[in-house]
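Q: Could you take me through this structure, feature by feature, and show me how each description is to be read?

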Amino acid sequence: MKKTGDNYYDLLLEIQQVDFVIIELNLYLNTHPNDQAAIAQYNECVQRSIQLKKNFEALYGPLTSFGYSFSPTPWQWGKAPWPWQV
């Protein structure tokens with residue numbers, strides 16, 4: 001699994017951007033729980049985040065551990081850089 005190149009960083013950046021929107025919408029929905037448009041946007045972003053992470057992990061290995069991501073053989077957590085190191 002190659003962990004360098006523009007696509008790695010571009011995909012990781014897109015994941016971070018979508019997850020930022022999810023966090024912001026979550027905060028907004030805490031005070032506007034009946035905003036159906038915001039709920040729809042939140043759900044769309046969650047679906048996009050799941051798909052982006054699935055694509056990233058298929059190409060570069062797991063993003064998280066402790067039961068949130070599968071690991072191919074051999075175990076992938078010993079290999080760096082991890083997403084938070086780039």
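**Reading the rings and helices**

A: Tyrosine 9 is partly exposed, its relative accessible area being 41%, where buried means under 20% relative accessible area, exposed over 50% and partly exposed in between, with a 1.4 Å probe and protein chains only. The model is predicted, so local features need pLDDT of at least 70 and side-chain atom pairs count only at pLDDT 80 or more, while totals for chains, interfaces and linings use all residues. Residues are numbered from 1 along each chain as its sequence is written, and side-chain values use heavy atoms, with hydrogens and water left out.

Q: Is tyrosine 8 buried or exposed?
A: Tyrosine 8 is buried, with a relative accessible area of 1%. Over the protein, buried residues make up 27% of the 86 residues.

Q: How many aromatic pairs does a search of the whole structure find?
A: A pair of aromatic rings is described by the distance of the centres and the angle of the planes. Rings of Phe, Tyr and Trp (its six-membered ring) pair if their centres lie within 6.5 Å, and planes under 30 degrees apart count as stacked, over 60 as edge-to-face and the rest as tilted. The search of the whole structure finds four such pairs. One of them joins tyrosine 8 and tyrosine 9, edge-to-face at 5.1 Å centre to centre with 85 degrees between the planes. The rings of tyrosine 8 and phenylalanine 56 have centres 5.2 Å apart and planes at 45 degrees, so this pair is tilted. Since tyrosine 8 lies in helix 1 and phenylalanine 56 in helix 2, the pair ties together parts that are 48 residues apart in sequence. Tyr8, Tyr9, Phe56 and Tyr60 form one aromatic cluster.

Q: What does the secondary structure of the protein come to?
A: Helices (H or I, at least four residues) and strands (E, at least two) are DSSP runs, numbered from the N terminus, and here they come to two helices and zero strands.

Q: At what angle do helix 1 and helix 2 pack?
A: Axes are lines fitted to C-alpha atoms, for helices over the stretch in contact, and angles run from 0 to 180 degrees between N-to-C directions. Helix 1 (residues 6–31) and helix 2 (residues 36–60) pack at about 155 degrees, with their axes 9 Å apart. The two helices are therefore roughly antiparallel, given that angles under 35 degrees count as roughly parallel, over 145 as roughly antiparallel, 65 to 115 as roughly perpendicular and the rest as oblique.
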